Amino acid sequence: MNLNQPRNNAKDNLLGISWVDSGWIPILNPGNVLDYFSERSNPFYDRTCNNEVVKMQRLTLEHLNQMVGVEYILLHAQEPILYIIRKQQRQSPNQVIPLSDYYIIAGVVYQAPDLGSVIGSRVLSAVHGVQSAFDEAMSYCRYHPSKGYWWQFNDQEEREKSKPKTKKKEEPSSLFQRQRVDMLLLDLRQKFPPAFYQPKSGEKPIPVEIKKEPEAPAETVKQEERDSAKNPQQAPATKAPPEKRARLQ
């Protein structure tokens, strides 16, 4: 039974398909690999090539050098696993233009990609990876008008759920606040001393005796104020003139 089938029915892009005929695989060798490649079910083979003309006229492949047009040649063979076939445009016996290469691995035919296709595929893969990274990063981004932006990761949520909830101990006041309060309390205590004090808890408070300094009478204070207003500065004491002494003759 001859199984001739392409691995993929998409014929638009030959880089994405492959072809194999399992009946040829046991007998495949460098002498018949071109006949295997020229099977009618092979989507990579061009029926208008010079190889078909040589086959119809029952000529040898050496006559391809004397013809002009598209032809297929065996470029490299590594029995029994690898064969490379080249499609080229012959312009003269000594001048050819390579069009594409095909490699056969274990009987499966693939088209070798050109340099532009390789670069385009690598760039597309890189862009896809970068785009996927940005999409995943955006899925962890959160925003709230009052909080702004932040990151929320799934593993972070799991860690927070697994952790036991412990209440944070909040300090009643800072060191600066305590020092300021102590200064204010000391100032208030000096201005308004306590009237009672309690030696021990549970005992009766004892009144505190506050010694007041005797205040000067109001009349004395007013008299001192009047004197200071009338004589703000005392005049300096005058010296007596020197005594006159008699001259000795």
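**Accessibility, helix H3 and cysteines**

Student: Why is alanine 106 called partly exposed?

Tutor: Its relative accessibility is 39%. Buried means under 20% relative accessible area, exposed over 50%, and partly exposed in between (1.4 Å probe, protein chains only). The value for alanine 106 falls in between, so the residue counts as partly exposed.

Student: What is the model, and which atoms and residues count?

Tutor: This is a predicted model, in which local features need pLDDT of at least 70 and side-chain atom pairs count only at pLDDT 80 or more, while totals for chains, interfaces and linings use all residues. Residues are numbered from 1 along each chain as its sequence is written, and side-chain values use heavy atoms, with hydrogens and water left out.

Student: Where is alanine 106, and what is its phi?

Tutor: Alanine 106 sits in the loop between strand E5 (95-105) and strand E6 (108-111); strands (E, at least two residues) and helices (H or I, at least four) are DSSP runs numbered from the N terminus. Its phi is near 55°, a positive value in a residue other than glycine.

Student: What makes arginine 58 exposed?

Tutor: Arginine 58 has 79% relative accessibility, over the 50% limit, and therefore counts as exposed. The residue lies in the loop between helix H2 (50-56) and E3, and its phi is also positive, near 55°.

Student: What caps the N-terminal end of H3?

Tutor: Aspartate 114 does, with a side-chain oxygen 3.3 Å from the backbone nitrogen of glycine 116.

Student: Which class does each of cysteine 49 and cysteine 141 fall into, and why?

Tutor: Cysteine 49, at 1% relative accessibility, is under 20% and so counts as buried.

Student: What joins glutamate 79 and proline 80?

Tutor: A cis peptide bond, with omega about -5°. Proline 80 is in the loop between strand E3 (69-78) and strand E4 (82-92).

Notes:
A polar contact is a pair of N or O atoms within 3.5 Å; within protein, one must be able to donate a hydrogen and the other to accept it, and residues adjacent in sequence count only if both atoms are side-chain atoms.
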